[in-house]
Amino acid sequence: MKRLSAVTRHGQTNLVVCGLAILLIMLFLSACGDGSDSGDISLGSSQSEIETGSAMLKIKWQDASIIKGDLDSLAEEALDCEGAGVATITCKVYDDTGNLLTNGDPWPCSEHSGSLDGIPVGQDRIFVILGEDADGNINFQGQKLNITIDQIPDNDVGTIEAHSFVPEGLTATTNSAVQIGLTWTQPSENVAPAGYRIYRDGALVGTSASTSYIDAGLTQETQYCYTISAYDQFSNESASSEQACATTGVSADEEPPTIPTGLTASAISASQIELSWTASSDNVGVTEYRIFRDGNQTGTTASTAFSDMGLIQNTRYCYTVEAYDAAGNPSGESAQACETTMESFDWYRDSDNDSYGDPNDSVTSETQPTGYVSDYSDCDDADASINPGADEACNGIDDDCDGSVDEELTRPTTCGVGACSGNTGTETCTDGDWGNDTCDPLDGATAERCDNVDNDCDGSVDEGLTRQSTCGVGACSGNTGTETCTDGNWGDDTCDPLDGATAEACDNVDNDCDGSVDEGLTRQSTCGVGACAGNTGTETCTDGDWGDDTCDPLDGATAEACDNVDNDCDGSVDEGLTRQSTCGVGACAGNTGTETCTDGDWGNDTCDPLDGATSERCDNVDNDCDGSVDEGLTRQSTCGVGACAGNTGTETCTDGDWGNDTCDPLDGATSERCDNVDNDCDGAVDENLTQQTTCGVGACEGNTGIETCTDGNWVNDTCNPTAGASREICFDVIDNDCDGLTDEYCPIEVDIDYDFDYVAQGSPLGLAVGETAAAGQLRTYPYEELREPNYYNLYGEFYSTDYGYLRLGNSSDNVVSFVLISVGGDEGPSEMFFDRNNNEDLTDDGGPISNQGTGGFGALVPSVNVRVVTSSHGTITRLYRLWMWLRSDGRVWFYARCHYLGEITIGADSFSAVAFEVDNHDVLYQESGLYIDLNRNNQLTDAENFMDGDTVTIDNIDYELRLNYP
């Protein structure tokens with residue numbers, strides 16, 4: 001059987017495994033091994049203090065087609081590990097508060113047996129099975145609650161069902177310009193996870209307790225992609241779902257609701273908190289509120305209240321609320337409100353009111369019900385005298401509910417007399433009776449002593465006791481006799497204390513046996529040296545030695561003097577005699593030293609005449625102690641201001657003062673300039689500097705004034721740039737009002753009939769299909785280099801085709817090709833492929849022009865905008881509006897609008913301009929407007945078309961266009 005290791009929260013490494021079985025095939029795992037190869041990791045308690053047990057469990061796989069071969073077979077390869085997305089299996093054990101107790105190491109999916117032990121003993125254990133792929137992603141999960149682990153082998157866990165754990169069917173739907181809605185299905189039909197985590201473009205954006213989520217506050221017209229994962233109550237997270245993407249829309253409503261206020265949170269149970277707040281307002285209307293728990297979305301509501309359920313007891317949660325309108329505009333999150341869930345407890349019935357409950361009769365509640373207690377250790381809830389707090393009595397009953405009867409019950413006993421009186425022992429209770437007394441009546445008995453006590457515990461005191469005695473002191477010490485004990489006292493001594501006494505001598509012996517040694521013994525003594533030699537005194541005998549001499553060896557001694565005599569009677573002559581000496585000049589004057597007396601003479605002077613000497617300084621002092629003052633001292637000096645600042649010279653020291661400076665303060669001075677510099681070195685900057693100025697544009701150009709230099713800048717210019725200005729005069733090409741603009745706001749008068757040339761090109765022309773072209777304007781044979789569509793596939797074999805080209809303008813090479821498709825006769829539809837781009841390619845012009853099959857003669861064909869190039873009046877691209885219609889005589893007519901071409905002057909510049917006829921080609925109406933080639937690129941665009949009264953802007957100057965029509 002395979003062994004797998006796990007680490008418990010108690011710090012021990014134990015052997016653990018969770019086994020698996022295939023679908024309905026159950027594999028029982030039993031505890032095995034004695035744990036002798038397991039190691040200990042100490043966390044402050046020994047292994048013996050941690051009670052553990054082993055477990056036996058079964059696994060049943062659900063929600064997956066993971067079977068190979070015959071279901072009735074017990075083959076090990078019955079599980080399709082690769083197909084199920086399971087590479088390894090992990091088992092975890094938690095307590096009822098969510099703490100991880102045991103975390104099993106993963107084992108291969110192919111292993112189907114093992115052992116599980118080292119699980120901390122206790123109730124409400126939770127077993128969790130995780131099926132992981134090769135990358136550690138969890139695809140299957142199963143759990144079983146309320147498991148009791150006792151300190152025994154093979155606790156029966158029962159069957160654990162493992163279900164699919166990965167969310168499926170994720171869809172993303174565009175709700176608005178800033179909001180995308182997500183929906184999915186839970187991994188298993190029977191078991192829902194604790195919640196889901198939502199990832200947008202790989203980043204976590206929220207959580208949901210349901211199978212839907214709205215992601216808001218997004219950017220308009222932006223694609224977002226999402227994945228979903230499931231998680232259980234222990235934060236074990238599944239692999240990610242398939243990705244789903246959506247693109248936000250466009251919204252006209254961009255005004256968000258106001259932020260919700262007054263958010264409150266109230267705990268009503270161990271698993272539920274109630275929220276309420278003040279409603280938000282919005283210009284359109286608030287559609288929903290989103291509730292965020294600890295930063296993650298946990299739900300939505302349309303009201304101003306929300307119940308958050310399924311929470312963990314005795315846990316603090318913090319909430320915010322955000323409002324959304326129909327366009328998905330978010331208000332921003334409200335202020336935070338926090339609350340702690342109530343704590344839920346197990347309560348046990350206490351029928352005998354002894355404060356101990358019946359472990360087999362319990363309820364769970366946040367508050368204590370009447371008649372229930374938190375303790376569950378009563379072994380007889382019908383008898384208040386029997387409980388774990390009761391004292392065990394010698395009565396043959398388990399009074400303290402510890403599973404033993406009369407255990408460890410003892411009581412003290414006494415016995416003995418004399419010194420043994422009060423000896424104690426212990427009696428032990430067995431089957432309700434006291435016995436086995438351990439009291440010893442002779443414990444503590446000793447040999448009899450003279451103390452008026454029965455020491456040998458025989459009932460008699462001090463019987464038959466005598467001893468040898470000694471007496472005497474000094475030379476008589478050790479004399480002997482005999483004493484007898486009576487009532488605890490020794491008496492009747494026969495010893496003589498003066499036997500052997502003599503006269504006293506100085507030998508530290510009590511010769512006369514009177515208790516004193518060497519008493520009353522003295523003699524004369526002499527002492528002293530040097531001046532004190534020959535002094536006398538008296539010695540006394542003490543402890544056998546002569547001492548306490550009264551002779552004073554210093555009697556007559558005086559202070560030592562430098563005279564080669566031992567004046568202080570210490571055996572040395574002139575010892576330690578010194579005196580201070582002085583020396584030096586200048587800064588060293590007053591230096592001191594020491595002289596020493598030797599053989600009655602002073603010598604060895606230590607005074608240094610140069611001690612304190614330094615380099616000479618300009619202070620009228622002889623600093624170097626050489627007898628001269630301030631000799632040879634000079635220094636560099638600086639002077640000058642402005643441009644002369646930093647000039648240098650030399651000063652000389654005389655009598656402690658520096659003088660004779662050679663520095664020139666005006667060396668380098670020049671005339672003053674306007675540069676914020678004191679050029680003339682006089683202490684003033686830019687003083688009295690002015691210059692003439694000019695200003696003005698247009699009619700005011702050349703005005704003059706005066707400006708003054710201040711801080712290096714010319715300022716306070718008196719020149720008036722508008723002196724001489726007058727009202728603007730149109731079209732004199734002069735800036736009369738001196739504002740830098742010429743002829744601004746002057747009207748542009750254009751008389752199209754008088755100022756422009758009429759270009760009479762494109763008069764109506766018409767030819768029947770197949771007719772020979774006149775003047776080379778239409779030809780009926782195929783154009784060899786023309787790219788054409790496949791008419792056969794489009795229209796069928798019975799269609800006929802005619803080819804031609806139309807010349808526009810007055811250039812011989814400016815032609816437009818076309819192909820006419822006809823069924824023949826007047827009743828059928830006629831269609832024409834027209835080379836609108838004038839590039840000899842009929843496949844890129846947007847399809848044919850058709851008379852819509854009206855069947856009548858004179859049917860109009862819609863006009864076509866065609867851009868062609870002509871060389872008349874220079875080179876300019878003009879917009880032609882062509883008509884084609886079918887005449888009653890079978891002829892196809894084309895018409896190119898006539899136009900007027902000329903130049904207009906705006907300010908100082910000329911621009912090419914074109915005015916076209918209107919659709920009936922014989923009148924130039926005001927609605928036609930005027931095309932002006934403002935970009936001078938010989939290209940006319942609709943942005944260059946202006947109507948009468950429009951503003952034309954040239955070089956940032958606005959002109960009013962006034963058109964006169966023929």
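Q: How many disulfides does the rule count, and what makes a pair of cysteines one?
A: The count comes to 21 disulfides, where a disulfide is a pair of cysteine sulfur atoms within 2.5 Å. This is a predicted model, with residues numbered from 1 along each chain as its sequence is written. Local features need pLDDT of at least 70, side-chain atom pairs count only at pLDDT 80 or more, totals for chains, interfaces and linings use all residues, and side-chain values use heavy atoms, with hydrogens and water left out.

Q: Why is the pair C527 and C551 called a disulfide?
A: The S to S distance is 1.9 Å, and the cut-off is within 2.5 Å, so C527 and C551 qualify. With -90 degrees about the S-S bond, their link is left-handed. Strands here are DSSP runs of E with at least two residues, numbered from the N terminus.

Q: Why are C527 and C551 called buried?
A: Buried means under 20% relative accessible area, exposed over 50%, and partly exposed in between (1.4 Å probe, protein chains only). C527 has 17% and C551 has 9%, so both count as buried.

Q: What makes the link of C700 and C738 right-handed?
A: The torsion about the S-S bond of C700 and C738 is about 80 degrees, so this disulfide is right-handed. Its sulfur atoms are 1.8 Å apart. C700 is buried, with a relative accessible area of 0%, and C738 counts as buried at 10%. C700 is in the loop between β43 and β44 and C738 in the loop between β45 and β46, so the pair ties together parts that are 38 residues apart in sequence.

Q: How do you know that C583 and C607 are joined?
A: Their S to S distance is 2.0 Å, against a cut-off of within 2.5 Å, so they form a disulfide. The link of C583 and C607 is left-handed, with -95 degrees about the S-S bond.

Q: Is E483 buried or exposed, and why?
A: E483, in strand β32, counts as buried because its relative accessibility is 13%. Leaving aside neighbours within four places in sequence, E483 is in contact with residues including T466, R467 and W490.

Q: Why is the pair W277 and Y289 called edge-to-face?
A: Rings of Phe, Tyr and Trp (its six-membered ring) pair if their centres lie within 6.5 Å; planes under 30 degrees apart count as stacked, over 60 as edge-to-face and the rest as tilted. The centres of W277 and Y289 are 5.5 Å apart and their planes 65 degrees apart, so the pair is edge-to-face. The count of aromatic pairs comes to five. W277 and Y289 are both buried.

Q: What makes the charged end of R290 sit over the ring of Y324?
A: A charge sits over a ring if NZ of Lys or CZ of Arg is within 6 Å of the ring centre and within 35 degrees of the ring normal. The charged end of R290 is 3.8 Å from the centre of the Y324 ring. For R197 over the ring of Y231, the distance is 4.3 Å.

Q: How do you know that β34 and β35 pair?
A: Two strands pair if DSSP finds at least two bridges between them. β34 and β35 have six bridges, in the antiparallel sense, so they pair. R523 stands opposite E539 in β35. β35 also pairs with β36, over three bridges in the antiparallel sense.

Methods:
Helix = DSSP H or I, 4+ residues; strand = E, 2+ residues; numbered from the N terminus. Contact = heavy atoms within 4.5 Å.
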